[in-house]
Amino acid sequence: MKLLLTSTLFFFGILTCIAQNNINGKIVDEQNQPLPFANVVLYNADKAENPKGTVSKDDGTYIIENIADGNYILEVSMLGFETEKIDKFSLSSNKTFNITLKETSQSLNEVIVKSKRPVIKQTAEKLIVDLEQSEMINTSLQDVMRKVPGVLVTNNGITIAGNSGVRILINGKTTEYMDVETLLRDFPADNISKIEVVEQPGAEYQASGSAAIINIILKKNVKLGTHGSVNSWIGEDQGFEWGSGFSIASYKNKLNWQTSVGYSQPTFREDLFLVRTVGNETYDQTTREPYDPDNFRISGSLDYYINDKNSIGLGTSFNTRNSTRIASSETIISNANNTNTLFSENSFDRERKNYSINPYYEYKTDTDRLLIDFNYLDFVNDNTNTLYDVAGSTIPFTDRRYIQDGTYNIKTYSIDYSKQFTDNFKLSVGSRFADVATNNDLQSLIANNSGGFDFVEDESSQFLIDETIFAIYSKINATSGKWSFSGGLRYEDSNTDGTSIFMDNGNLRTEILERPIKKLFPSASISRKITDVLGASISYSYRIQRPSYNSLNSFATFLDPFSAGEGNPFLTPSYTNNYQFNLTYEGQPFFTIGYSKTDDVIFQLIRQDNDTAQIRQQEVNVENNTNWNFRLFAPLNLTDGLEGYTGIIVTNTDFQSSTYGVDLNKWNLIWFVQASYELPWDVSFEVNGNYGTGALEGQIEVDWLAELNFSFGKSFLNKKLKANLGFNKMLNRGFVGNIDYGNGTAAVESNGSRQNIQFRLTYSFGDQFGKKKASRNRNRDEENRINTDN
């Protein structure tokens with residue numbers, strides 16, 4: 001490691017000594033008044049390469065730095081003024097060009113060519129969906145996600161290439177401790193700049209996770225002056241639902257601020273039908289669990305641009321989710337001689353709130369970028385659930401109550417630096433330190449004869465986690481002709497101490513489990529342009545999946561009288577080798593082959609105790625897991641006005657464990673379509689659907705599944721007002737399959753409520769002129785592992 005750092009610094013020092021040229025000047029109007037925010041673009045006159053560019057400052061001055069010798073063309077433009085061009089000139093030293101722009105003789109509205117379909121680009125490391133130049137009539141994050149080729153959004157979650165362990169980030173910040181379904185339906189699409197689907201994360205990303213990362217990058221500083229939007233929606237699912245939000249942003253001179261607030265009351269339902277055998281008896285269980293949480297969010301940020309290279313800022317957010325619901329179960333127990341029924345209910349009262357604050361400093365030029373970032377998260381998750389029988393039962397049951405309070409405190413410090421030496425070579429280095437403290441306290445109670453509950457000492461406990469993670473990384477990006485290469489190395493040193501405090505036969509006991517990990521995580525990709533339209537790439541990454549903090553708790557809590565979930569304090573991280581081959585056509589995704597092999601994969605094991613007739617769910621480490629996936633995509637442009645994608649995804653998933661007797665292997669095929677069509681009167685029609693021959697969802701072997709959604713949208717008032725009527729889950733066949741416990745089998749159906757209808761309105765107001773500023777992506781890996789599923 002020391003030799004690697006020394007060599008990198010030496011190489012860095014040599015390249016920084018290469019002489020480069022600068023172009024500067026001042027841009028004014030015909031009255032000699034400075035023009036801020038004019039676009040200045042420098043083109044290479046002799047060869048095709050990406051142009052360099054900047055915008056003029058408040059006093060009209062500009063500078064483009066680190067330009068190699070050669071012949072160039074300079075172009076200056078600004079809305080409301082005629083474009084000025086300095087024809088081909090030779091550059092071998094610094095030059096100054098002062099430019100006067102003339103006002104256009106007639107004011108015209110800005111013309112922007114837009115498409116109903118986002119601009120999609122596939123690289124070796126990620127799939128980029130750029131929404132800046134697309135007309136989003138559908139106005140929720142769920143609608144946007146359904147436009148991403150190969151990403152399937154169902155009521156059972158998000159899957160990519162058959163893998164459901166997808167992490168969602170917003171500006172690099174995790175959403176996993178939020179309710180994902182509510183987030184998808186609440187989050188307005190108007191605030192989204194682009195979506196990155198990162199299947200092969202490079203060294204700059206945390207090494208955690210085995211599936212893809214979806215990073216949603218929000219628009220920031222996109223307009224001068226003050227602008228914002230108001231959105232509201234109503235709908236019908238399990239019951240009446242509604243939500244509303246407001247956002248406003250302002251950029252004037254050097255100060256930028258923005259804030260947003262939202263509230264929603266969505267409704268949905270989860271149904272479970274389970275028929276299983278226990279000895280010579282059949283247990284037929286039906287559970288319906290309605291949800292109607294109250295969600296509130298508020299966020300804000302303040303950015304101050306000290307000058308054109310230095311900026312500081314502060315971001316903060318606060319989210320709450322309160323949920324009170326009752327899950328109702330009916331279990332019919334029968335054999336050849338008699339039948340009994342147990343009616344039960346589980347009353348949930350859950351309160352979650354999280355607060356985060358994020359100060360930063362950034363230095364940025366055309367070639368250098370330094371970001372120093374700190375993030376603090378405070379998360380509270382308090383749960384109380386009471387399990388009790390209902391009148392009419394022919395089987396006795398003793399009521400139980402569980403009170404589980406959890407706090408999570410996460411502090412993350414990071415520093416990242418990148419330098420673009422030439423158009424063909426870039427170096428990135430960085431470091432990160434995370435400090436995590438969690439405290440979970442479970443109180444188990446049992447009903448007494450006087451109508452109250454007594455504390456059960458031996459079933460109650462406290463679980464503490466103290467964890468630190470230190471990481472450093474380096475990465476290079478290089479191109480040569482038709483070839484591109486990316487390679488990086490990340491080193492992580494983590495120490496996780498888990499402390500269990502519990503009573504054992506009247507004695508207070510403390511057990512500490514230490515887990516130190518020191519490991520290198522390499523990643524690399526190489527791509528080549530085969531023809532003018534065809535490209536190919538190969539990529540590799542090595543990753544770690546750490547257990548969620550909640551799964552390490554040894555607590556056991558009952559979901560109904562015959563099923564319980566319990567933690568596993570001995571759960572260890574799993575390690576995955578990922579390989580991927582991509583073919584692209586005109587930069588679009590075309591054909592992909594992926595293979596991954598995971599050692600000690602974290603697996604949701606379901607076991608049945610025939611003596612107690614109970615089912616226990618627990619995460620365990622299964623020794624071997626492999627996954628093959630084959631993807632073929634094609635754009636839909638068969639007729640004028642039709643845009644979208646269709647494709648097939650073929651996967652093979654295999655789990656093998658001699659320890660737990662797991663032997664599962666399954667092939668499946670999924671066909672999907674995502675399309676939009678322009679109807680008369682400028683009405684946009686969008687449809688997406690999928691059909692699958694089956695899947696392997698952990699231990700559940702799922703039969704065929706299908707889903708269909710469509711919507712109608714239209715813009716009014718010069719596109720300031722957007723209306724959308726969506727019909728979701730019109731065809732919705734969820735998980736219908738079988739579970740093999742090893743000592744018994746079960747037929748299972750898990751599905752959400754069907755036929756959701758929503759009507760949405762979004763009104764945008766404020767200034768119309770655009771200016772682009774950089775947005776920062778901040779990964780929050782430890783927050784992913786809170787994973788409360790509430």
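R276 is placed over the face of Y283, 5.0 Å from the ring centre, and K714 likewise lies over the face of F716, at 5.5 Å from the ring centre. A charge is taken to sit over a ring if NZ of Lys or CZ of Arg is within 6 Å of the ring centre and within 35 degrees of the ring normal. The model is predicted, so that local features need pLDDT of at least 70 and side-chain atom pairs count only at pLDDT 80 or more, whereas totals for chains, interfaces and linings use all residues. Residues are numbered from 1 along each chain as its sequence is written, and side-chain values use heavy atoms, with hydrogens and water left out.

Aromatic pairs number 22 in the structure. Rings of Phe, Tyr and Trp (its six-membered ring) pair if their centres lie within 6.5 Å; planes under 30 degrees apart count as stacked, over 60 as edge-to-face and the rest as tilted. The pair F421 and F425 is tilted because the ring centres are 5.6 Å apart and the planes stand at 40°. F421 is buried at 11% relative accessible area, and F425 is also buried, at 15%; buried denotes under 20% relative accessible area, exposed over 50% and partly exposed in between (1.4 Å probe, protein chains only).

A tilted pair is also formed by F685 and F712, with 5.2 Å centre to centre and 40° between the planes. F685 belongs to strand 40 (residues 683-692) and F712 to strand 43 (residues 705-716), so this pair ties together parts that are 27 residues apart in sequence. Strands (E, at least two residues) are DSSP runs numbered from the N terminus. One aromatic cluster comprises Y540, Y579, Y595, W628 and F630.

The second largest pocket holds about 400 Å³ of space. A pocket is an open set of points on a 1 Å grid over the protein atoms alone, where a 1.4 Å probe fits, with protein on both sides within 12 Å along at least five of seven lines; lining residues have an atom within 4 Å of a point. Its lining consists of 23 residues, of which D458, S461, F502, S554 and F555 lie nearest the centre. Strand 30 gives the most to this lining, with four residues; strands supplying at least two residues each include strand 26 (400-422), strand 29 (461-480) and strand 33 (556-560). By class, the lining has 12 nonpolar, six polar and five charged residues.

Definitions and conventions:
Grid points are joined across faces, edges and corners, and a volume is the space filled by probe spheres set on the points. Ala, Val, Leu, Ile, Met, Phe, Trp, Tyr, Cys and Pro count as nonpolar, Asp, Glu, Lys and Arg as charged, and the others, Gly among them, as polar.
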